[in-house]
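Subject: Structure handover

Hello,

Here is the structure for you to look over. My notes follow below it.

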Amino acid sequence: MGSRHAVSATVNGVERTATVPARTSLLDCLRQEWGLTGCHAGCEHGACGACTVLLDGRPVRTCLMLAAQADGARITTIEGLASGETLHPVQQGFWECHGLQCGFCTPGMVLTASHLLEETRDPSETEIREALAGNLCMCTGYENIVRAVRRAAEIARAR
Amino acid sequence: MKPVDFDYVAPQTLGEAVGLLAGGGDDARALAGGQSLVPLLNLRLVRPRLVVDLNRVAGLDGIREDGAGLTLGAMTRQADAERSTLVRTRAPLLAEALALVGHLAIRFRGTIGGTVAHADPVAEVPAAALALDATLDVTGPRGRRTIAIDDFLRGPLMTDLAPGELLTAVRLPPWSPAWGWAFVEFARRHGDFALAGVAVVLAVVDGRIAEPTRIVVIGDAARCRRARAAERRLVGERPEPKTFAAAAAVADEGLDPPGDIHGSAAYRAHLVRTLTGRALEIAATRGARG
């Protein structure tokens, strides 16, 4: 049996703790210890982006972090993106532009796009496609996702 | 897709980290950004008994410049290096290479030292560092040493690091704004591992290609390499299309590319030649028009 570790992180503004084996990924800790099943296990080797959350404000692959490494971190998952009843501009954009079908890639897409819009207020289509290149979607063919992010940028600028 | 059980420790000093790794020997692995190691753990391709997390060790990150050039601490995140004004002005080739490493989320965790110490044969950062004539700082149980990157990279996922040793910094010699540069690669999808790539530094003095002019190719099964035959066709010649074509034609000399489902050995060699030509053309548009 390997070592076990206490992990304490601020997740969506709430302090969460867990004690997990060393080999538990941050992905599995979020999903299984803390019930935040919005981040998804797609490939578990960093290629698909379905497991993406914001860690200390930056998109990261939770399948490639050990939970123990997240001790002391500030994490935003998809569950924490809206402000009460008000959708985040990216969520609003995805709704208006039908930017999802099955929804599996969506949390990772939305969080990655939210970070893009924090850094670039009016991203071009090329910039959007570049930023989302690490988030794979099997359903949509990406067209509506790109539209959704352009619409989200409009919404964000208007707010 | 879950790792085999292991023990995990997160030391706060370099000395502790070295001691833990030396004590663990072949059963211990250092964890830097995790973007290469954790996939190997998840796929059970490596099964260490001890993982030593370097992320809490103070003093291993940071980018600084002095008279000897640019120093990047090994734990510098790739995204921070990519966005650093110092790197963009003093090592533009490295900044261009970094933009091609995986995706931004990978680069927010992946480190400069980690990717060099991992020594994937098709990794971008080692190739750019080789083209920039980097030297590496290493610390281990027997103390500190420096080593040229060309001597450090020994083969696929193999380096000169002895058990317990850690790469602590990458040092780049001073850059001249008169030099041209280019980093180009080809992958089947954006962010995939490259099938082939080329890093070029091009110096032109009095209308002739001069030292330091280096071509590093990615495409060999073992590691990135200087394309010496191609370099010899450049130095002393005019920086013009027929010179670049002559160099590109021999860019794959001495290369041993693999063949796999992504491409045959011949295809990779073809890519190396084509990308070398492109990289030289791009490099010639940058730096001083000498």
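Arg129(A) touches Tyr142(A), Glu143(A) and Val146(A), leaving out residues up to four places away in sequence. This is a predicted model, so please read every value here as computed from it. Arg129(A) sits in helix H4 of chain A, which covers residues 125–131. Its relative accessible area is 32%, so Arg129(A) counts as partly exposed. Val90(A) is 39 residues from Arg129(A) in sequence. In space, their C-alpha atoms are 15 Å apart.

Two backbone angles in chain A deserve a look. Glu44(A) is not a glycine, yet its phi is positive, about 55 degrees. Glu44(A) lies in the loop between helix H1 (26–33) and strand S3 (52–55) of chain A. With a relative accessible area of 12%, Glu44(A) is buried, because the cut-off for buried is under 20%.

His98(A) also has a positive phi without being a glycine; the value is about 50 degrees. Its place is the loop of chain A that runs between helix H2 (89–96) and helix H3 (106–119). The relative accessibility of His98(A) is 49%, so it counts as partly exposed. The exposed class needs over 50%.

Now chain B. Which two residues does a cis peptide bond join? They are Glu211(B) and Pro212(B), with omega at about -10 degrees. Pro212(B) belongs to strand S13 of chain B, residues 208–218.

Asp137(B) is in strand S6 of chain B, residues 135–140. Is Asp137(B) buried or exposed? It counts as buried, because its relative accessibility is 11%. Thr71(B) is 66 residues from Asp137(B) along the chain. The C-alpha atoms of Asp137(B) and Thr71(B) are separated by 9.7 Å.

Next, chain B as a whole. It has 12 helices and 14 strands. Its radius of gyration is 19 Å, which agrees with the value near 19 Å for a compact globule of 290 residues. Along the principal axes, the C-alpha atoms of chain B fill a box of roughly 60 × 45 × 30 Å. Buried residues make up 56% of the 290 residues in chain B. Take the contacts in chain B with a separation of 6 or more: residues 24 or more positions apart account for 62% of them.

On to surface and charge. The accessible surface of chain B is about 12200 Å². Carbon and sulfur atoms hold 51% of that surface. Chain B carries 35 positive and 33 negative side chains. The centres of these two sets lie 2 Å apart.

Last, the contact between the chains. What area is buried between chain B and chain A? The figure is about 2600 Å², and carbon and sulfur atoms give 51% of it. In chain B, the residues that lose the most area to chain A are Asp5(B), Tyr8(B) and Phe108(B). Together these three account for 22% of what the chain B side buries. The contact takes 29 residues from chain B and 29 residues from chain A.

Best wishes

Note on methods: Residues numbered from 1 in each chain as written. Chains lettered and ligands numbered in written order. Predicted model: local features only at pLDDT ≥ 70, side-chain atom pairs only at ≥ 80, totals over all residues. Heavy atoms only, no water. Helix = DSSP H or I, 4+ residues; strand = E, 2+ residues; numbered from the N terminus. Rg over C-alpha atoms; globule rule 2.2 N^0.38 Å. Buried < 20%, exposed > 50% of the residue type's maximum accessible area, 1.4 Å probe, protein only. Contact = heavy atoms within 4.5 Å. Areas by Shrake-Rupley, 256 points an atom, 1.4 Å probe, with all protein chains shown as cover. Lys, Arg positive; Asp, Glu negative; His and termini not counted. Charge placed at Lys NZ, Arg CZ, Asp CG, Glu CD. Buried area = accessible area lost by both parts, 1.4 Å probe.
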